[in-house]
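Work through these exercises with the model open beside you. Try each task before you read its solution.

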Amino acid sequence: MEKLNNKPAPWWFWAARIFVGLLFIFSGLIKINDPLGFSYKLEEYFVVFHITFLNSLALIIAVILCSLEIILGFGLLIGVRPVKVAWGLLLLTIFFGFLTFYSAYFQVVQTCGCFGDAIPLTPWQSFSKDLFLLLLIIVLFKKRGTIQPLFNAKTGDRLLLSAIIISLGLGLYTYNFLPVIDFLPYKIGANIPDEMKIPPGAKPDEYEQTFHLKNKKTKETKVMTSTDYLKSNIWKDNNWEVVGQPESRLVKVGFTPKIRDLSIADAQGNDYTKELLSNPFYSVIVVAYNLQKTDVDAISRLNVMAINLKTNFNTRTVLLTSNSPVSAQAFAKEHNWVSEIFYADDVPLKTMMRANPGIFLLKNGTIINKWHYHSIPKYDELVKQYFQQ
């Protein structure tokens with residue numbers, strides 16, 4: 001039985017309780033909207049810490065962590081099981097704080113995924129957020145006995161159980177039917193070529209070079225930035241020589257297009273990015289970043305759809321994958337895939353589609369619609385909605 005203090009909590013304690021609770025719920029909802037994307041981020045951490053044997057569990061861990069944020073935040077708001085909730089909040093924040101500090105200090109995982117793709121944060125911004133949150137949670141933790149429940153114990157437990165079911169259910173739904181809200185650059189309505197453009201006058205990244213210098217006579221050494229190197233005119237002195245290659249450091253981030261890493265090629269390496277994205281007619285893009293892990297039943301259904309669309313509407317269907325041409329051709333032969341196959345890096349393909357496989361309906365580079373393989377429309381429905389208008 002958790003011991004509680006019946007003394008009313010001050011207003012600032014209530015403010016901290018509400019702020020922390022809502023922030024945890026918000027953070028959890030953002031991430032559980034895209035659990036597969038969060039699992040990719042976890043896999044990056046697994047590589048850093050040399051625990052890649054956990055990769056097969058990344059999705060399960062992602063759903064559990066996101067659900068915990070929602071459950072603990074909700075539990076804090078309604079005051080159910082306050083001691084256990086306070087402990088959970090403290091341990092989870094310390095865990096996330098360690099990850100963000102490690103990312104920032106050692107410059108390893110450069111986007112932590114704290115708020116998914118909705119609010120991208122740098123590692124230091126993420127760590128600052130976690131540090132501020134930790135201070136608030138320490139206050140709540142020290143006074144955890146004064147957290148008053150809003151409902152009786154039985155009702156509180158039922159509400160908490162409902163939060164557990166809903167959060168886990170959300171994770172399963174978004175994994176199986178794509179995110180409810182798509183924060184990625186390949187969302188419905190986005191024009192891919194436009195998202196790849198750098199507007200005229202946009203400032204590029206600014207870099208500063210550092211030179212290591214050595215005096216041939218005195219053996220004295222100096223380290224100078226490119227600015228100081230030029231201002232001091234030391235480069236005119238033949239006694240000084242540059243040792244090694246100058247080091248380059250990013251000083252200011254310039255304009256970055258939302259899509260900057262997409263390049264589509266055929267088996268021979270010929271670039272087809274512009275051709276595929278400038279088709280003025282409907283085209284179907286099947287994205288399967290890993291053919292060894294793809295759903296072969298879905299591939300079979302898509303194959304039939306591609307044949308019918310080609311026969312009746314001369315619609316171009318292509319398969320995009322990150323597999324090698326040899327591997328992809330062997331897969332196509334085994335599964336009787338009839339449409340063209342093109343190749344791209346797995347990173348943009350995973351960003352394009354949170355499914356393996358998934359499909360885009362594309363026109364003039366604009367994403368008309370996209371589907372997870374669990375929700376692929378029937379051929380007649382697709383034709384009626386898009387091809388008979």
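## Exercise 1: helices α1 and α3

α1 and α3 cross in a left-handed way. (In a left-handed crossing the near helix is turned anticlockwise from the far one by less than a right angle; clockwise makes it right-handed.) Helices are DSSP runs of H or I with at least four residues, strands are runs of E with at least two, and both are numbered from the N terminus. This is a predicted model, in which local features need pLDDT of at least 70, side-chain atom pairs count only at pLDDT 80 or more, and totals for chains, interfaces and linings use all residues. Residues are numbered from 1 along each chain as its sequence is written, and side-chain values use heavy atoms, with hydrogens and water left out.

Task: find at what angle α1 and α3 pack, and say why they count as roughly antiparallel.

Solution. 
1. Helix α1 covers residues 11-32. Its angle with α3 is about 155 degrees, and the axes are 8 Å apart. (Axes are lines fitted to C-alpha atoms, for helices over the stretch in contact; angles run from 0 to 180 degrees between N-to-C directions.)
2. Apply the cut-offs: under 35 degrees is roughly parallel, over 145 roughly antiparallel, 65 to 115 roughly perpendicular, and the rest oblique. α1 and α3 are therefore roughly antiparallel.
3. Look at the contact, meaning heavy atoms within 4.5 Å. α1 contributes residues including I18, L22, F24 and I25, and α3 contributes residues including V63, I70, F74 and L77.
4. Sort the contact by class: 14 nonpolar, 5 polar and 3 charged residues. (Ala, Val, Leu, Ile, Met, Phe, Trp, Tyr, Cys and Pro count as nonpolar; Asp, Glu, Lys and Arg as charged; the others, Gly among them, as polar.)

## Exercise 2: α3 meets α6

Task: state whether α3 passes α6 in a left-handed or right-handed crossing.

Solution. 
1. Helix α6 spans residues 153-177. The axes of α3 and α6 come within 9 Å and cross at roughly 150 degrees.
2. α3 and α6 are therefore roughly antiparallel.
3. The crossing is right-handed.
4. In the contact, α3 residues such as L59, I71 and G75 meet α6 residues such as L159, A163 and Y175. By class there are 12 nonpolar, 4 polar and no charged residues.

## Exercise 3: a pocket and a cavity

Solution. 
1. On a 1 Å grid over the protein atoms alone, a cavity is a set of points where a 1.4 Å probe fits but cannot get out; a pocket is an open set with protein on both sides within 12 Å along at least five of seven lines; lining residues have an atom within 4 Å of a point. Grid points are joined across faces, edges and corners, and a volume is the space filled by probe spheres set on the points.
2. The second largest pocket has a volume of about 440 Å³. Of its 20 lining residues, L36, Y40, Y175, Y289 and K293 are the closest to its centre.
3. α2 gives the most to this lining, with 4 residues.

## Exercise 4: backbone

Task: find which peptide bond is cis.

Solution. 
1. Most peptide bonds are trans.
2. The bond from N356 to P357 is cis, with omega near 10 degrees.
3. P357 sits in the loop between α12 and β8.
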